[in-house]
Amino acid sequence: MNILNEVTLTLPSRSSNEGFARLAVAGFFAQMDPTVDEIGDIKTAVSEAVTNCIVHAYREELGVIRIQLRILEGRVAYIKVRDQGCGIPDVHRAMEPLFTTGPEEERAGLGFAVMQSFMDKVQVRSRPGQGTTVILTKQLRQRAQNG
């Protein structure tokens, strides 16, 4: 699929940057004229992916989160969220609902399940000690033409 537009964001893994990531992603994909529901879905999935980086990848240290946004032919929103944190030893298990590596009273373990419920496709690649890459894609509906 051809890339029609793209941008890359690099930000520190501070919790205050999660809200910025949501707004930046919404602003970029606004050019696709998404529905309110579509942009809400994208913002929620990105929020979960970025929060995973902040809470799990870097835990008690500050790291870098890279977010690559692309608009692909056919009204496809593509988002890659990448960290160079601790990595995930067992991606399959980590994607199970309710699984968490954090204190259970603080975390619900639903991050990947939330991403999967709002996006068409969620891919996760990770290597312990080398970080994690989450790729989210969503096909946006065709908008009715006025006229």
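1. A residue counts as buried at under 20% relative accessible area, as exposed at over 50%, and as partly exposed in between (1.4 Å probe, protein chains only). By that rule both Phe 28 and Phe 29 are buried.

2. A word on the basis: this is a predicted model, with local features needing pLDDT of at least 70 and side-chain atom pairs pLDDT 80 or more, while totals for chains, interfaces and linings use all residues. Numbering runs from 1 along each chain, and side-chain values use heavy atoms, leaving out hydrogens and water.

3. Rings of Phe, Tyr and Trp (its six-membered ring) pair with centres within 6.5 Å; planes under 30 degrees apart are stacked, over 60 edge-to-face, the rest tilted. The count is one aromatic pair. Phe 28 and Phe 29 have ring centres 5.1 Å apart and planes at 75°, so they sit edge-to-face.

4. Now the core, meaning buried Ala, Val, Leu, Ile, Met, Phe, Trp, Tyr and Cys residues joined through side-chain atoms within 4.5 Å. The largest one holds 38 residues, and Phe 29, Ile 42 and Leu 136 are among those with the most contacts inside it. Helix 2 (residues 36-57) supplies its largest share, nine residues; helices here are DSSP runs (H or I) of at least four residues, strands (E) of at least two.

5. Lastly, the sheet: five strands, open, antiparallel, in the order 1-2-3-5-4, where pairing takes at least two DSSP bridges. Strand 1 (3-12) and strand 4 (121-127) are the edges. Strand 1 meets strand 2 (residues 64-72) over nine antiparallel bridges, and Val 7 has Leu 69 as its bridge partner in strand 2.
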